[in-house]
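Hello,

Here is the structure I promised to pass on to you. Have a look at it first, and then read on for what turned up in it.

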Amino acid sequence: MKKLFELNPALDRDALSARFAATSRVQIRDVLTEETAREVLTVLAKGTPWGMATGAGDENRQSFRAEDMRTPEGQRTVNAAIQGAHDNSARGEYGFRFAHYPILTAIQEEWASNSPHEILLEHLNAPEFMDLARDITGIDALLKADGQASLFAPNHYLGQHIDSHVGEGWEVAYVLNFAPPNWCPDWGGYLLFLDDEGDVVEGFRPRYNALNLFKVPQSHMVSYVPPFAPVGRMAVTGWLRSQ
């Protein structure tokens, strides 16, 4: 029987913990066994009904299901939301646009019972993964993970923000990456960290089977994916929470 999710037993938790302690962020390469990394990639690439997430400021965030985008009226609504995000970004304000599948919402609203996405989120909440997160971050209060599948295709991006929802129990953001191994820097989609003057202080290349963890709030963004980039910068993302 195939496994969907299994941590790489060779991870050097002490070294990863020291890296996180120094900068409040770390990229963990080869985080899953190769067998299960391929299984997660298959779920994302072949079994995910991608919708769209857009944002024009903190208060105007919208999520569209795949079926919402299949009618002319739905397309007009989505395109208007995308334009709103672009207008915000053009003014130097917060905006974003990327394909997604909100796993937690899908479970709560029973979109597809016993789907592989639901099983994947169960694994992210299992003791093995949560213990890894606690060991590396040093935050023993971490209790659970939420999650969404995300796809940054051409013209997608996530504007600069800090994830300030600490009142909701957000402690650490995670990005479980499944980008193609040959992802080129010219294709964008980098997770970038910025200082108070807007300079990039560190960036993580989208990598296959790599887990990014970073403490929030912390200024970050996902760089614009240009029109000539391939489709394939996929990930499971969310927050590790203390409540």
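Let me start with the largest cavity, where helix 4 gives the most to the lining, with 3 residues. Before the rest, a word on the source: this is a predicted model, in which local features need pLDDT of at least 70, side-chain atom pairs count only at pLDDT 80 or more, and totals for chains, interfaces and linings use all residues. Residues are numbered from 1 along each chain as its sequence is written, and side-chain values use heavy atoms, with hydrogens and water left out.

The structure holds 1 cavity of 30 Å³ or more, and about 40 Å³ of space lies in the largest cavity. A cavity here is a set of points, on a 1 Å grid over the protein atoms alone, where a 1.4 Å probe fits but cannot get out; lining residues have an atom within 4 Å of a point. The volume is the space filled by probe spheres set on the points, which are joined across faces, edges and corners. The lining is made up of Y101, I103, A106, I107, W111, A112, S115, H117 and E118. Helix 4 (103–108) and helix 5 (116–124) are the elements that give two or more residues to it; helices are DSSP runs of H or I with at least four residues, strands are runs of E with at least two, and both are numbered from the N terminus. By class, the lining has 6 nonpolar, 2 polar and 1 charged residues (Ala, Val, Leu, Ile, Met, Phe, Trp, Tyr, Cys and Pro count as nonpolar, Asp, Glu, Lys and Arg as charged, and the others, Gly among them, as polar).

Now to the aromatic rings. A search of the whole structure finds 11 aromatic pairs (ring centres of Phe, Tyr and Trp, the last by its six-membered ring, within 6.5 Å; planes under 30 degrees apart are stacked, over 60 edge-to-face, the rest tilted). W170 and W239 are stacked, because their ring centres are 3.8 Å apart and their planes at 15 degrees. W170 lies in strand 8 (residues 170–178) and W239 in strand 13 (residues 233–241), so this pair ties together parts that are 69 residues apart in sequence. Both W170 and W239 are buried (under 20% relative accessible area with a 1.4 Å probe, protein chains only; exposed is over 50%, partly exposed in between).

Y94, F96, F98 and F152 form one aromatic cluster.

Best wishes

Notes
1 Å grid on protein atoms, 1.4 Å probe; cavity = no way out; pocket = protein on both sides within 12 Å on 5 of 7 lines; lining within 4 Å.
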